[in-house]
Amino acid sequence: MSTGVGVSSCCVSGKIHSGTPSGRIETIGGLQTYVAEPESGSKAKTVIFLVDIFGWELPNVRLLADQYAKTGGFYCYVPDVHEGDSLPLSFLQNVEPPLKDKEQLTMVDKAKNAAIVPTTLGPWLVKHREGVSRPKIDGFVNAVRMIPGTNKIGAIGGGRYAILQAHGQSKDESGSSVGGVDAAYACHPSLVAIPGDFEPVTKPLSLALGTKDSLLDTDSIGQIQDVLAKKTDVPHEIRLYEDQIHGFALRGDFSTEKDKKCQDEAAQQGMEWFEKYLS
């Protein structure tokens with residue numbers, strides 16, 4: 001997979017949020033899945049949360065799915081696409097503190113973190129490469145489409161897979177149509193191929209990007225803007241969030257009002273996008 005970017009500790013930065021998820025667990029398409037149901041119970045507007053390296057059990061992603069269900073009226077699914085092999089939450093808590101604390105680290109601490117990240121994350125990314133993960137995601141999308149009452153489907157994610165689902169349906173080895181959603185929302189996507197991941201986009205795509213994301217620099221953002229600008233027939237938007245690092249929309253640090261405001265605005269951005277293109 002050609003990405004043009006490396007792996008940094010910023011990829012795993014963030015905070016675990018407090019709160020008790022209120023959804024339930026089901027098995028869908030062979031994957032354990034967290035389900036957050038709107039009060040109406042309607043599946044007309046369905047959103048699939050494609051999890052990051054910390055997986056479907058991260059409280060943050062479940063709480064966000066609850067928010068989409070309760071506030072936006074979306075029927076939400078959070079599948080375990082890693083099948084029990086997500087990185088442990090301790091990796092999130094220990095390997096990198098919030099940005100304000102990071103500035104106070106000693107050189108020894110920074111060196112230690114710099115060594116831990118590639119030795120842990122690198123092999124995990126190889127194990128869960130696109131050739132392994134995408135068929136699971138495509139299969140899950142197909143399974144959701146078969147659920148009675150399901151109409152349009154959206155995909156939200158912090159990695160590149162929401163973008164890939166915005167390519168529309170693809171063909172598997174047997175020639176059958178698989179995957180593909182009706183709209184997608186990607187927050188601080190990482191390890192993206194530019195222009196390769198964006199040129200095939202055929203479905204409405206919204207992006208939320210932080211200006212201090214070490215995995216997507218200013219030049220890369222400009223290249224993405226140039227590619228999408230040529231897609232005059234495909235609805236798209238890019239919103240930049242000042243001073244926000246990778247993971248801000250899901251693992252933001254609520255210790256500052258600015259960070260909390262950005263996370264709230266990113267959640268609202270996604271709900272507005274899906275309300276427009278899934279209704």
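Helix H7 comprises the 12 residues 218-229 of this predicted model. Within H7, the residues Ser220, Ile221, Ile224, Val227 and Leu228 are buried. These residues lie on the same side of H7, because the arc that they cover around the axis is only 125°. Thr218, Asp219 and Asp226, on the other side of H7, are exposed.

The loop between strand S8 (183-187) and S9 contains Pro195. The peptide bond that leads from Ile194 to Pro195 is cis, and its omega is near 10°. His188 is also found in the loop between S8 and S9. Although His188 is not a glycine, its phi is positive, at about 35°. The relative accessible area of His188 is 4%, which means that His188 is buried, given that the cut-off is under 20%.

A positive phi occurs as well at Asp243, a residue other than glycine, where the value is near 65°. Asp243 belongs to the loop between S10 and helix H8 (248-251). With a relative accessible area of 29%, Asp243 is partly exposed.

Conventions:
Residues are numbered from 1 along each chain as its sequence is written. This is a predicted model: local features need pLDDT of at least 70, side-chain atom pairs count only at pLDDT 80 or more; totals for chains, interfaces and linings use all residues. Side-chain values use heavy atoms; hydrogens and water are left out. Helices (H or I, at least four residues) and strands (E, at least two) are DSSP runs, numbered from the N terminus. The expected span of a helix is 1.5 Å times one less than its number of residues. Buried means under 20% relative accessible area, exposed over 50%, partly exposed in between (1.4 Å probe, protein chains only). The arc is that of the directions from the helix axis to the C-beta atoms.
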